[in-house]
Amino acid sequence: MMMMMMMLCLVFLVIFIALFIKFLTADGDFTLLSKGKVKREEIQDKVVWITGASRGIGKYAPSDVMILPLDLTSGEESLSMAVEKAESFFGAAGVDYMIHNAAYERPKSTALDVTEETLKATLNVNVVGPISLTRMLVPYMLKRGRGHFVVMSSAAGKTPAPGQAVYSASKFAVNGYFHTLRSELCRKGIKVTVVCPGPVETPNPRTGSTERRVSSARCAELTIVAASHGIKEAWISYKPVLAVMYLVQYMPSVGYWLMDKIGGKRVEAAAQKGNAYSVNLLFDQKKES
Ligand SMILES: NC(=O)c1ccc[n+]([C@@H]2O[C@H](COP(=O)([O-])OP(=O)(O)OC[C@H]3O[C@@H](n4cnc5c(N)ncnc54)[C@H](OP(=O)(O)O)[C@@H]3O)[C@@H](O)[C@H]2O)c1
C-alpha cells in the first residue's frame, strides 16, 4: 500500500514538473496549445472577412484576398453597404468568418491624461464599429444557420493595463459583447472566438521597446487554430503577461495586488520605450509623493 502511494506521488510529481516546464515555455494558454494544428476542414473554402489586414497581425491571417476598403467609423450606411458587398462576393456565398481585428492606435497615457479625442476614437474603432458590423451581418448568418466571429481582443481586455486604460476599457467591452452574443445565439449556429494576445511583434510605434513578443505570424496561426477548433476564448502570450492573466482570472486578489504594485512604474517604462512587462517593475518601488 505504502509503495502504491509513493508511486502515485511520483507520477503526480512528474506530471507537475512536466506541466510547469510546458508553462514556462508556452506562448498560449493550455487549452489552445493542446489543440496542436489548425483544423483544415473547418477553414477550407470558407469566406473570411477580416478588418485591419493592411499591417500587423491581420496581414498574416488572410491568404487569397479581395480588398474591401472600410473605415469602421464611417457610419451606419457605409457599414451596411460594406456588409452587403462582402456577402455578395464569391457568388454570394456569404461570410463564414468575420475577424474583428482592426484597432485604433494605442497611445500610452495615464488613465487621467487620456484626451477626449483618443477616448472617442478608440471606442468608435474598437467597440462601436465591430458591434455595428456584427449587428448588420448576423441576420445573413442566421438565414444560413452558421457564422463565426473571431474577435482580436487583448490581454488588456482581461487584466488592468496601466498606461492604456482606454484601450483596456475597449477590449473589456468587446469581450462582454461578444461572449454575450454567443450565449444568445450559439443554438442558432453562431460561434464566437475571443482571442486575447499579450505583446505581439508588429512593425511600427513600439519599435525600440525590449519586451519579449510573440511574432505576428505565430499570433495569426494560433488565432486560426483557436477559431478552427471553436475555442471560446484563447490567450496568446509569453510570460510574464500569460502568468498575470492566469492570476487575474483564477486568483484575482493576487493578480490585482500585483498590477497595483507595478502600475505607476509601468507607465514610466512605456513612456521611455523600456520593458513595460518586466518583472523588475515589481521591485525598485519609489514612494510617490
Ligand atoms: N500588436 C500587439 O501587441 C497586440 C496585442 C494585443 C492585441 N492586439 C490586437 O490585435 C489586433 C491587431 O493588432 P496589430 O498591432 O496587428 O494592429 P496594427 O498594426 O495597429 O494595425 C491596425 C489595423 O487596424 C486598421 N484600422 C485602424 N483604424 C481603422 C478604422 N477606423 N477603420 C478600419 N480599419 C482601421 C489599420 O488600418 P490602416 O492601415 O488603414 O490604418 C490597421 O490595418 C488589434 O485588435 C489589437 O488591439 C495587438
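Author: The residue A92 has its place in helix α5. Helices here are DSSP runs of H or I with at least four residues, strands are runs of E with at least two, and both are numbered from the N terminus. The structure is a predicted model, in which local features need a pLDDT of at least 70 and side-chain atom pairs count only at pLDDT 80 or more, while totals for chains, interfaces and linings use all residues. Residues are numbered from 1 along each chain as its sequence is written.

A92 is not a glycine, yet it has a positive phi of about 55°. Most residues other than glycine have a negative phi, and most peptide bonds are trans. A92 is exposed because it has 9 other C-beta atoms within 10 Å.

F90 has a positive phi of about 50°, although it is not a glycine. With 13 other C-beta atoms within 10 Å, F90 is partly exposed.

Helix α5 spans residues 76–92 and is part of what covers the buried residues of α6. Helix α6 therefore deserves attention next. It runs over residues 116–144, has 29 residues, and reaches 41 Å from its first C-alpha to its last, close to the 42 Å expected at 1.5 Å a residue. The expected span is 1.5 Å times one less than the number of residues in the helix.

Helix α6 has a kink of about 40°, centred on N124; the bend at a residue is the angle between axes fitted to the seven residues ending there and the seven starting there. The buried residues of α6 include T122, V125, N126, G129, L133, L137 and M141. An α-helix has 3.6 residues a turn, so residues three or four places apart point the same way. Besides α5, the cover over the buried residues of α6 includes β2 (97–100), β3 (147–152), α7 (165–185) and β4 (190–197). Two residues are in contact if their C-beta atoms, placed from the backbone, lie within 7 Å. Just after α6, G145 takes a positive phi of about 75°.

Strand β3 holds H148. H148 is buried, since 22 other C-beta atoms lie within 10 Å. Apart from its neighbours within four places in sequence, H148 is in contact with D96, Y97, K191 and A227. H148 and T159 are 11 residues apart in sequence, and their C-alpha atoms are 25 Å apart in space.

Helix α7 has 21 residues, which should span 30 Å at 1.5 Å a residue, and its end C-alpha atoms are 30 Å apart, in agreement with this. Among the buried residues of α7 are A165, Y167, S170, K171 and F178. Their cover includes α6, β3 and β4.

None of its 24 residues is buried, so α1 lies largely in the open.

A111 lies in the loop between β2 and α6, and it counts as partly exposed because it has 16 C-beta neighbours inside 10 Å. P240 is found in the loop between β7 (233–236) and α9 (241–250). The peptide bond from K239 to P240 is cis, with omega near 5°.

The wider setting is as follows. The chain has 10 helices and seven strands, and 37% of its 289 residues count as buried. Among contacts between residues at least 6 apart in sequence, 70% join residues at least 24 apart. The C-alpha atoms fill a box of roughly 65 × 60 × 30 Å, taken along the principal axes.

Finally, 22 residues surround the ligand, and the closest are G52, G56, L72, A102 and A103; a residue is near the ligand if its C-beta atom, placed from the backbone, lies within 6 Å of it. Helix α4 (residues 56–60) gives the most to this shell, with three residues.

Definitions and conventions: A residue is buried if 20 or more other C-beta atoms lie within 10 Å of its own, exposed if 12 or fewer, and partly exposed in between; C-beta atoms are placed from the backbone.
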